[in-house]
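Here is a model for us to read together, one feature at a time. Have a look before we start talking.

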Amino acid sequence: MSDVATDVVEAAFRYHRAQDRDAAFALYADDFSFTSPYDDHIDRTAFFERCFPTADRMTGQRLLHMAPADEELVLVLYEYELVTGGRYRNVEAIRVRDGLIREVQVFFGGAV
C-alpha cells in the first residue's frame with residue numbers, strides 16, 4: 001500500500017472526528033461514491049450532507065487495523081463509542097487513487 005493512501009485515509013478519519021469539513025472535502029474526488037447498508041452509491045455532496053456530520057454522535061473512535069488489499073484499496077477496522085452508550089466496530093473498504101478518496105464501502109458490525 002502506498003504511504004499516500006494510508007495518509008489520506010488517516011487524515012479523512014481525523015478530519016471527520018474534528019468535523020473539519022473543508023479539510024476533509026479536499027480529500028474526496030469529484031466522482032466519489034459512498035455505500036453503506038443505508039446508502040447506495042451516494043455522491044460526494046450527499047455524503048457530506050448525510051454522513052459527514054455524524055461525529056457528534058460519538059464520544060470516541062479508534063482505528064484498530066489498517067491493511068492494504070492492493071495498491072489503491074485500504075481496509076480499515078475501527079471501533080467507536082456512542083454518546084447514548086455502546087461500542088461498535090465497522091470495516092470500511094476505501095479506494096484511493098491519485099491522492100483522492102474515490103470510493104468508500106462501509107460494512108457495519110455489531111456491538112462490542
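Q: What should I know before I start reading?

A: This is a predicted model, where local features need pLDDT of at least 70, side-chain atom pairs count only at pLDDT 80 or more, and totals for chains, interfaces and linings use all residues. Residues are numbered from 1 along each chain as its sequence is written, and side-chain values use heavy atoms, with hydrogens and water left out.

Q: How do I read the sheet, and in what order do the strands sit?

A: Helices (H or I, at least four residues) and strands (E, at least two) are DSSP runs, numbered from the N terminus. Two strands pair if DSSP finds at least two bridges between them. Here, six strands make an open sheet with mixed pairing, ordered β2-β1-β6-β5-β4-β3. The edges belong to β2 (39-43) and β3 (58-68); each has a single partner strand, so one side of each is left without a neighbour in the sheet. From one strand to the next, the twist averages 20°. Angles like this run from 0 to 180 degrees between N-to-C directions, with axes being lines fitted to C-alpha atoms, for helices over the stretch in contact.

Q: Which way do β5 and β6 run, parallel or antiparallel?

A: In a regular strand the side chains alternate between the two faces of the sheet. As for direction, β5 and β6 run antiparallel and are joined by nine bridges; N90 has F108 in β6 as its bridge partner. The two strands form a hairpin with two residues between them. Strand β3 and strand β4 (residues 73-82) also run antiparallel, with nine bridges, and a hairpin of four residues connects them. Across that pair, M66 faces V76 in β4, while P68 has V74 as its bridge partner. For a parallel case, look at β1 and β6, joined by four bridges, where F34 stands opposite V104.

Q: Where does helix α1 pack?

A: An α-helix has 3.6 residues a turn, so residues three or four places apart point the same way. Contact means heavy atoms within 4.5 Å. Helix α1 (residues 3-18) packs on the sheet and touches β1 (28-36), β3, β4, β5 (87-97) and β6 (100-111). Its direction makes about 170° with that of β3. You can check its length too: the expected span of a helix is 1.5 Å times one less than its number of residues. For the 16 residues of α1 that should be 22 Å, and its end C-alpha atoms are 22 Å apart, which agrees.

Q: Which residues of α1 are buried?

A: Buried means under 20% relative accessible area, exposed over 50%, and partly exposed in between (1.4 Å probe, protein chains only). In α1, the buried ones are A5, T6, V8, V9, A11, A12, F13 and H16, and they pack against β1, β3, β4, β5 and β6. Take A12: it counts as buried because its relative accessibility is 8%. Not counting residues up to four places away in sequence, A12 touches L27, Y28 and I101.

Q: Is D98 buried or exposed?

A: D98 sits in the loop between β5 and β6 and counts as exposed because its relative accessibility is 69%. D98 also has a positive phi of about 55°, although it is not a glycine. In between is R21, in helix α2 (residues 21-25): at 38%, it counts as partly exposed.

Q: How much space lies in the largest pocket?

A: Rolling a probe the size of a water molecule over the atoms shows where empty space is left. On a 1 Å grid over the protein atoms alone, a pocket is an open set of points where a 1.4 Å probe fits, with protein on both sides within 12 Å along at least five of seven lines; lining residues have an atom within 4 Å of a point. Grid points are joined across faces, edges and corners, and a volume is the space filled by probe spheres set on the points. The largest pocket holds about 660 Å³. Its lining has 28 residues, with C51, T54, Y78, N90 and E92 nearest the centre. The largest share, five residues, comes from β6.
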